[in-house]
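Please read the following report alongside the sequence and the coordinates. It moves from helix packing to the nonpolar cores and then to the sheet.

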Amino acid sequence: MSATRLTTPKEKVQQLQEKLGHAAKTSKSRKFHALYDKVHRLDVLQEAWRRVRANKGAAGIDGETMADIAKTGEDRFLAECQEGLQKKSYRPQPVRRHYIPKKDGRKRPLGIPTVRDRVVQMATKLILEPIFEADFQECSFGFRPKRGAKQALERIRKACNRKGNWVVDVDIQGYFDNINQEKLMKLVEMRISDRRILKLIRHWLKAGVMEEGTVRRSDLGTPQGGVISPLLANIYLNYFDMLWGRHGKEVGELTRYADDFVVVCKTRKEALHAFKLIQAIMERLELTLHPEKTRIVGLWTGEEGFDFLGMHHRKTKAETGYSQVYYTTQQWLCPKAEKHIREVVKERLLPPGMRHKSFEEHVKWLNPKIQGWKNYYTTPYSTKRLTKLDWYIRVRLTKWYAKKRQRNHWRGSDNEVKLLCQRYGLRTLL
């Protein structure tokens, strides 16, 4: 008699997601009314905890860290989460406000929910995501399973090469902070009729932000930093995608990544029409386009280009084997992405406190970053810029090494650093 194979929480959750996704695809009008009991299933909570733990992250306003949970016992923590959901006594806490300094001197606000809230949100996301995935459009790529920025970039490149000479480059002003919660809930209710799930989402939307000891609540926006936020944001803008599919498809090809999107059009007239249509749909959603960052770009002369998802897009002349000239769309990392890479390397190697580290430690830290940048930014047209960045990384390492050795001139250390890079296997962007 063969033993039955025990499946992991991950496999059980995948199986459940497949069933939900299939049911949603089979009937586009179906509303799901019995989902809450699936959110507090132990295997779902275990998988949610595994994912939250893998994402790491700081403690929320309760000060409870992942290390604290590991110390008191993960099973106990999950049992408490399950009990809170089953007894309907679970209430999310306000998110902790944290500011990250931006390069222009301003600060970007971030919200950090408690670990407990992140786990319950993740469990809910695991159940809801396959249902809404059945409704999401082909043009949407951000924060979706098996989709990503590289696919969005390829879609844009192809659209531009299909006589797409005009682009409407769109930026929504303060998108996550300005989502109309009532309209969002109506869009969620088109698929979910389980009142307990709807109540859960409302609690998160109303939980508010804790800043300097006071809680501020708003009728606008989704919980910043919350695990559930990207899914809710996609549900809200899926309304835009659907309307574009109905009224704008003939005008231009839409590619959206979260709240950033571009529409590639063939003529200037179509681009102007697309812009008006975008404004009209955004008014319905009570969203505002950023006046400075939203623009219409003419690609056909090759004089103008646009930045999207860290890449610069521009049409340039090329020749066929028979000396026929044509324009093709080239993509290379944009100046902002170059600047970011330089800053990451500099922040690691410049501070005096980093001099006690060994060369090997720096290489171990840099290598995954370099590989990630290489995977994303490598295109046939990025060579020159990536070569410069490789040189910059080497110079920064040489300067660090000279300071560590208390040498006045860093250039004399170049050959030693070259050998050390070879010994410890420093990766390169090219």
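## Packing of α14 and α15

Helix α14 (residues 359–377) packs against helix α15 (residues 383–404) at an angle of about 170°, and their axes are 13 Å apart; axes here are lines fitted to C-alpha atoms, for helices over the stretch in contact, with angles running from 0 to 180 degrees between N-to-C directions. That angle makes α14 roughly antiparallel to α15, on a scale where angles under 35 degrees count as roughly parallel, over 145 as roughly antiparallel, 65 to 115 as roughly perpendicular and the rest as oblique. Helices (H or I, at least four residues) and strands (E, at least two) are DSSP runs, numbered from the N terminus.

On the α14 side the contact is made by Phe 359, His 362, Leu 366, Ile 370 and Tyr 377, and on the α15 side by Leu 386, Ile 393, Leu 397, Trp 400 and Tyr 401, where contact means heavy atoms within 4.5 Å. By class, this contact comprises 9 nonpolar, 1 polar and no charged residues; Ala, Val, Leu, Ile, Met, Phe, Trp, Tyr, Cys and Pro count as nonpolar, Asp, Glu, Lys and Arg as charged, and the others, Gly among them, as polar.

## Basis of the values

This is a predicted model, in which local features need pLDDT of at least 70 and side-chain atom pairs count only at pLDDT 80 or more, whereas totals for chains, interfaces and linings use all residues. Residues are numbered from 1 along each chain as its sequence is written, and side-chain values use heavy atoms, with hydrogens and water left out.

## Crossing of α9 and α11

Helix α9 (residues 181–189) and helix α11 (residues 229–247) have axes that come within 9 Å and cross at roughly 85°, which makes α9 roughly perpendicular to α11. Lys 183, Leu 184, Leu 187 and Val 188 of α9 meet Leu 232, Ile 235, Tyr 236 and Tyr 239 of α11, and by class this contact has 7 nonpolar, no polar and 1 charged residues.

## Nonpolar cores

The largest nonpolar core has 76 residues, and those with the most contacts inside it are Ile 192, Phe 240 and Ile 278; such a core is a set of buried Ala, Val, Leu, Ile, Met, Phe, Trp, Tyr and Cys residues joined through side-chain atoms within 4.5 Å. Helix α6 (residues 115–133) gives the most to this core, with 10 residues. Apart from it lies another core, of 42 residues, among them Ala 149, Leu 153, Leu 299 and Val 345.

Leu 35 is placed in the loop between α1 (9–26) and α2 (36–39), and counts as buried at 1% relative accessibility, given that buried means under 20% relative accessible area, exposed over 50% and partly exposed in between (1.4 Å probe, protein chains only). Leaving aside neighbours within four places in sequence, Leu 35 is in contact with residues including Ile 127, Leu 128, Ile 131 and Ile 192.

## The open sheet

An open sheet of 4 strands has the order β2-β1-β4-β5, with mixed pairing; two strands pair if DSSP finds at least two bridges between them. β2 (107–112) and β5 (214–216) stand at the edges with a single partner strand each, so one side of each is left without a neighbour in the sheet.

Strand β1 (residues 95–101) pairs with β2 in the antiparallel sense over 6 bridges, and with strand β4 (residues 209–211) in the parallel sense over 2 bridges. Arg 96 has Ile 112 as its bridge partner in β2 and stands opposite Met 210 in β4.
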